[in-house]
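Have a look at the structure first, then go through the points below.

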Number of protein chains: 2
Amino acid sequence: MSNAEALPEAAPGRAVAPCCPPLTERPFTAEEAETAAPMFKALGDPVRLRLFSAIASHEGGEACVCDISDVGVSQPTVSHHLKKLKEAGLLTSERRGTWVYYRVEPSVLAAMGQLLAVNAATA
Amino acid sequence: MSNAEALPEAAPGRAVAPCCPPLTERPFTAEEAETAAPMFKALGDPVRLRLFSAIASHEGGEACVCDISDVGVSQPTVSHHLKKLKEAGLLTSERRGTWVYYRVEPSVLAAMGQLLAVNAATA
DNA sequence: TCAAAACATCGACGAACGTCTATGTTGACG
DNA sequence: CGTCAACATAGACGTTCGTCGATGTTTTGA
């Protein structure tokens with residue numbers, strides 16, 4: 001695309017973290033649905049789910065592509081899916097030397113978990 | 001498991017409830033990913049997310065189609081999406097007179113919530 | 001018995017998706 | 001320098017998806 005400037009990363013897709021109430025609380029508005037659906041959609045592919053799980057379960061919540069690219073598809077396909085996950089706000093990436101490390105956005109897991117919360121009475 | 005089904009009524013796509021460990025626990029296998037991804041995929045569409053939320057938040061966790069069909073798409077499209085949610089194991093349906101009532105499968109919310117569990121420091 | 005309401009199914013169409021091969025870009029190292 | 005490794009991008013191709021209008025099925029009720 002372009003040369004890397006001093007800009008670290010500025011929200012590639014949309015804001016994801018604090019988006020919506022639990023699904024069981026009240027009917028989602030069209031806006032809320034448009035915001036939350038892409039997160040589910042991003043995890044709705046088996047390969048992406050494996051990649052995400054591999055990163056999320058990796059030490060430190062991050063992994064380089066070479067550590068997780070054994071999912072049965074070609075390298076460009078892995079790259080494609082990681083990009084999708086990144087665009088959905090679920091992952092961030094950082095280059096360190098030759099390798100690129102992907103990291104799970106922690107707030108995302110919390111947000112999605114809250115969407116599906118079964119009201120465990122933690123109040 | 002307190003539910004002993006006596007009627008051979010269930011004809012869903014696949015078992016959904018107790019499928020997989022948390023995403024952050026260990027890398028998903030191909031099998032686990034193939035099992036869990038359809039649930040996320042089913043919620044990955046804004047219209048389906050609104051329908052699901054409308055049903056889940058409705059009184060008693062169920063609603064007839066006429067109560068939730070105001071999502072901006074045609075009636076066949078609503079029917080199509082409800083079928084998709086049903087095939088994914090997220091909903092069940094029951095006919096009562098003229099109306100068809102859809103209900104959220106409670107174990108599904110628990111299962112998906114567990115997938116996204118953030119390990120609340122149990123060690 | 002006939003009509004209307006609620007919902008499902010069918011068939012079609014454009015858009016989006018997942019995958020691949022080929023190629024480009026970036027950094028490390030002789 | 002040049003070359004290799006890691007990863008991204010581009011383009012293509014078949015498949016799936018979301019949507020619609022038209023039609024079918026089931027139930028209620030006059």
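A phosphate oxygen of DNA strand C sits 3.1 Å from a polar backbone atom of Cys66(B); a polar contact is a pair of N or O atoms within 3.5 Å, and within protein one must be able to donate a hydrogen and the other to accept it, with residues adjacent in sequence counting only if both atoms are side-chain atoms. This is a predicted model, where local features need pLDDT of at least 70, side-chain atom pairs count only at pLDDT 80 or more, and totals for chains, interfaces and linings use all residues. Side-chain values use heavy atoms, with hydrogens and water left out.

**Phosphate contacts**
- On chain A, a polar backbone atom of Ser74(A) is 2.9 Å from a phosphate oxygen of DNA strand C.
- Ser79(B) uses its side chain: an N or O atom there is 2.4 Å from a phosphate oxygen of DNA strand C.

**Surface near the strand**
- Near means that a heavy atom of the residue lies within 4 Å of the strand.
- Among the atoms of DNA strand C within 4 Å of the protein, 73% are sugar or phosphate, and the rest belong to bases.
- Of the 25 residues around DNA strand C, those that come nearest are Thr77(A), His81(A), Gln75(B), Ser79(B) and Tyr102(B).

**Glu62(A)**
- Glu62(A) counts as buried because its relative accessibility is 15% (buried is under 20%, exposed over 50%, partly exposed in between; 1.4 Å probe, protein chains only).
- Its side chain makes a polar contact with the side chain of Arg103(A) at 2.7 Å.

Definitions and conventions
Residues numbered from 1 in each chain as written. Chains lettered and ligands numbered in written order.
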